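This briefing covers a few features of one protein model. Please look at the sequence and the structure before reading on.

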Amino acid sequence: MAVPASYNDIGGDAALRHHIGEVWYETEVRIPSSWSGRRISLYFESVTHAARVWADGVEVGAHQGGYTPFEVDLTALTTPGQVVALTVSVDNTLTLQSIPPGVVEPTPAGPRQRTWHDFFNYAGIHRTVWLSGTPATHLSGLTTTTDLLDSTGVIHFSLDFEPAPGLSARVRLSDQDGLRVGAQDGSSGTLHIPDPQVWAPGRGYLYALEAQLVDARGKVVDSYVQKVGIRSVAVRGNRFLINGEPFHFTGFGKHEDIAVIGKGHNDAYMLHDFGLLEWIGANSLRTSHYPYAEDVLDYADRHGIVVIDEVAAVGINLTLGAGVFGAPGYTTFGPDTINEQTRKTHAEAIRELIERDRHHPSVVLWSLANEPESDSEAAQEYFRPLFELARELDPSRPLGFANVAEATPGRCRVSQFADVLMLNRYYGWYVLPGDLAGAEIAWEEELRAWAAEGKPIIITEYGADTYPGLHTLVPEPWSEEYQVAYLDMNHRVFDRIEAVVGEHVWNFADFATTPGIMRVGGNRKGIFTRDRQPKAAAHVLRKRWLPKG
Ligand code: BDP
């Protein structure tokens with residue numbers, strides 16, 4: 001099996017595509033003989049959705065959650081210079097206690113996986129697996145947070161390592177030309193940089209912070225370089241500020257989704273997608289509906305692309321869209337459905353995301369869920385502690401969640417916890433399809449009610465399915481003309497509401513979905529086709545978003 005890739009579409013057969021449960025990966029790897037005395041480990045960037053790992057038949061670790069990394073220690077089971085057999089079981093089963101939730105239902109034809117999201121439930125070893133040999137005495141963690149106070153850059157750092165006699169820590173900071181601009185001894189502290197080069201949208205300036213462990217004789221025994229961007233993020237009234245300047249988000253919700261490879265990370269596609277974002281004038285993206293590959297965040301850091309980073313909590317809404325994605329007969333929150341155990345899984349997914357991505361300057365906002373039920377007391381009680389947790393783990397970034405159409409102003413009981421209102425709305429598509437004049441009035445009315453709450457609003461989804469090459473003189477749903485007219489209508493509404501500080505079209509590209517009669521060859525709301533060719537609407541966005549001049 002290819003790694004990284006989803007296994008589903010590699011063989012071209014239905015059994016593998018729709019397999020439910022475990023699959024087994026096996027390989028052999030030789031540990032370099034020069035790694036004697038080192039700690040040897042395997043770091044999986046992601047295994048979707050659950051993994052168990054064995055080395056020479058001995059179980060060495062397990063992990064739940066398909067989009068965040070984990071590490072297993074192989075030191076005791078490997079010998080430098082020798083080959084070790086690695087086995088990984090990959091389980092794609094989703095339950096009401098997993099994030100995202102799902103249910104495996106028995107049917108006369110065998111088990112069927114039900115999900116409350118439309119994208120295909122791709123599974124496999126989706127990202128890079130690293131074999132690493134670190135010195136016996138090593139850095140095990142490095143946290144950096146940055147701020148901009150007046151014109152001084154502030155970098156707080158903290159290093160984790162096993163203390164030992166004579167062992168000390170220090171950091172060195174260099175600018176992009178490699179010139180030393182700061183240094184400090186100790187395992188935690190703060191660096192102040194007067195008049196720094198700031199990280200800003202469209203300008204991915206990064207400093208290099210090198211953390212070092214030094215032994216009693218002054219020898220550096222381990223070091224790690226972390227790229228750091230100095231910038232500030234804040235919400236003031238209904239503005240979203242980056243470095244004190246109001247920021248307007250333009251861009252997309254995306255998916256990790258490629259023909260054949262599924263959700264496997266692919267550098268060539270990543271570069272191509274970022275090239276298309278630049279071409280169209282997008283300054284940001286949302287990692288809908290799960291954390292994306294670490295390379296994506298690194299790229300965004302280097303190029304000044306702004307990211308809304310989303311937890312894989314999509315579909316905590318078991319009554320949504322019965323007959324579309326959902327099924328009748330489920331209640332979202334309850335002892336046998338979304339319960340305390342689900343919340344623990346959700347909390348762990350938040351912890352792992354923040355731990356992984358907190359050092360990325362590109363990440364300006366955490367999204368804790370996509371379209372959960374949010375208009376009930378149970379929802380309010382489910383989400384309150386999760387917002388508290390995220391705020392405690394990272395007080396430096398605003399929080400939000402993508403709100404669903406049913407939870408209108410006054411009905412939504414979760415948006416009170418959010419700093420930014422993130423709205424997914426389909427006026428002119430799921431609501432008033434084909435009636436853009438009616439949609440324009442209804443949409444503006446709802447948005448004005450949200451604006452009265454005094455918070456910044458990002459439209460995190462608006463879109464219309466469009467079959468490329470289908471044309472109608474009078475814009476009708478599914479035609480390229482309709483997608484153009486639909487976007488124009490939305491933009492007129494946004495431009496009339498001051499609190500709207502961002503517009504993310506759903507979706508960047510067409511993507512694979514669970515089979516169903518609502519979808520024709522997948523979800524076709526892409527501005528680009530699945531193979532990344534522009535629909536007519538791409539030119540509308542380019543005209544609106546591309547900086548003039
Ligand atoms: C929204 C979901 C998104 C779907 C989209 C759609 O957030 O994941 O793909 O609807 O129906 O409800 O296209």
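Which residues does H265 touch, not counting residues up to four places away in sequence? H265 touches P4, H126, R127, M270, A293, D295 and V296. The model is predicted, and the points below are grouped by topic.

- H265 sits in the loop between β22 (249–253) and α2 (267–280).
- With a relative accessibility of 13%, H265 counts as buried, because buried means under 20% relative accessible area.
- A polar contact of 2.8 Å joins the side chain of H265 to the side chain of D267.

**R356**
- R356 is part of helix α4 (residues 340–357) and is buried, at a relative accessible area of 7%.
- Leaving aside neighbours within four places in sequence, R356 is in contact with Y67, P69, R127, P291, Y292, A293, E294 and L297.
- R356 and G186 are 170 residues apart along the chain, and 23 Å separate their C-alpha atoms.

**Salt bridges**
- The structure holds 31 salt bridges.
- One of them joins the side chains of R39 and E71 at 3.4 Å, N to O. R39 lies in strand β2 (residues 39–44) and E71 in strand β6 (residues 70–73), so this pair ties together parts that are 32 residues apart in sequence.
- R39 is partly exposed at 21% relative accessible area, and E71 is partly exposed at 42%.
- The side chains of E256 and R127 meet in a salt bridge of 2.8 Å, N to O. E256 is in the loop between β22 and α2, while R127 is in the loop between β10 (124–125) and β11 (129–134), so the pair links parts that are 129 residues apart in sequence.
- E256 counts as buried at 10% relative accessibility, and R127 counts as buried at 2%.
- The side chains of E446 and R425 also form a salt bridge of 2.8 Å, N to O. E446 is in helix α6 and R425 in the loop between β27 and α6, so this pair ties together parts 21 residues apart in sequence.
- E446 is buried at 7% relative accessibility, and R425 is buried at 1%.
- Salt bridges that share partners connect E440, E444, R448, R492 and R496 in one network.

**Surface patch**
- Y430, V431, L432, I517 and M518 make a nonpolar surface patch of about 480 Å².
- L432 lies in the loop between β27 (421–424) and α6 (436–451), and counts as partly exposed at 34% relative accessibility.

**Domains**
- The domain assignment gives domain 1 (14–134) and domain 2 (139–233).
- The centres of domain 1 and domain 2, taken over C-alpha atoms, are separated by 33 Å.

Technical notes:
Residues are numbered from 1 along each chain as its sequence is written. This is a predicted model: local features need pLDDT of at least 70, side-chain atom pairs count only at pLDDT 80 or more; totals for chains, interfaces and linings use all residues. Side-chain values use heavy atoms; hydrogens and water are left out. Patches are made of residues with over 30% relative accessible area and no salt bridge: like charges are joined within 9 Å, nonpolar side chains (Val, Leu, Ile, Met, Phe, Trp, Tyr) within 5 Å. Accessible areas come from the Shrake-Rupley method with a 1.4 Å probe; for residues, only the protein chains shown count as cover. A salt bridge is a side-chain nitrogen of Lys or Arg within 4 Å of a carboxyl oxygen of Asp or Glu. Helices (H or I, at least four residues) and strands (E, at least two) are DSSP runs, numbered from the N terminus. Buried means under 20% relative accessible area, exposed over 50%, partly exposed in between (1.4 Å probe, protein chains only). Domain bounds come from an automatic or database domain assignment. Contact means heavy atoms within 4.5 Å. A polar contact is a pair of N or O atoms within 3.5 Å; within protein, one must be able to donate a hydrogen and the other to accept it, and residues adjacent in sequence count only if both atoms are side-chain atoms.
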